[in-house]
Amino acid sequence: MGAVYFYHLTDSLLEEALPQLIDRAQGQGWRVLVRGRRPALLDRLDNVLWQGPDDSFRAHGLAGDHDGDQPILLGVDTPTDGFACVMSVDGADLTPAEIAQAERACILFDGHDGDALQRARDQWKALTAAAVTAQYWAQDDGRWVKKAEAG
């Protein structure tokens, strides 16, 4: 059964943290789904992932563009089948069943947005109540520090 890791972004923007976390997941050999709620945000993240040094090229695509061939796929309501790691951004839903079939699920949320904080708290409560193993990670001077664990 998979676990869900909550990433509380306070020192960096989503556009900075997401590529780093994707690189970690791919370092494990995992195929990654980034699930969002707004196509405009996913388009922006698509552009971010195309940028960067040549030695950190991240092959990826938006849902609807050869989905099965993409090592990193960005989508709204995209099924999680076939992905070892599922990353939720912008408050996108993840179900206990989806988390159970993945090696890891990640929920990234903006620590400076009150609505995002409340959404993450609600997700934590619902998922841990459903017996999903969860960890809460916060940024501390540019490092990720585990602050809580449940399950």
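This is a predicted model: local features need pLDDT of at least 70, side-chain atom pairs count only at pLDDT 80 or more; totals for chains, interfaces and linings use all residues.

Colleague: How many aromatic pairs does the count come to?

Modeller: The count comes to five aromatic pairs. One of them joins Y5 and Y7, whose ring centres are 6.4 Å apart with 40 degrees between the planes, and this pair is tilted.

Residues are numbered from 1 along each chain as its sequence is written, and side-chain values use heavy atoms, with hydrogens and water left out.

Y5 is buried, at 12% relative accessibility, and Y7 is buried at 6%. Buried means under 20% relative accessible area, exposed over 50% and partly exposed in between, with a 1.4 Å probe and protein chains only.

Y7 also pairs with W144: the centres are 4.8 Å apart and the planes stand at 80 degrees, so this pair is edge-to-face. Y7 belongs to strand β1 (residues 3-9) and W144 to strand β8 (residues 143-150), so the pair ties together parts 137 residues apart in sequence. Strands (E, at least two residues) and helices (H or I, at least four) are DSSP runs, numbered from the N terminus. W144 is buried, as is Y7.

Ring pairs gather Y5, Y7, W137 and W144 into a cluster. Y5 has a charged neighbour as well: the charged end of R104 sits over its ring, 4.0 Å from the centre. A charge sits over a ring if NZ of Lys or CZ of Arg is within 6 Å of the ring centre and within 35 degrees of the ring normal.

Strand β8, which holds W144, pairs with β7 (residues 133-140) in the antiparallel sense over seven bridges. Two strands pair if DSSP finds at least two bridges between them. A134 has A150, in β8, as its bridge partner. The hairpin of β7 and β8 has two residues between the strands, and there D141 takes a positive phi near 55 degrees.

Definitions and conventions
Rings of Phe, Tyr and Trp (its six-membered ring) pair if their centres lie within 6.5 Å; planes under 30 degrees apart count as stacked, over 60 as edge-to-face and the rest as tilted.
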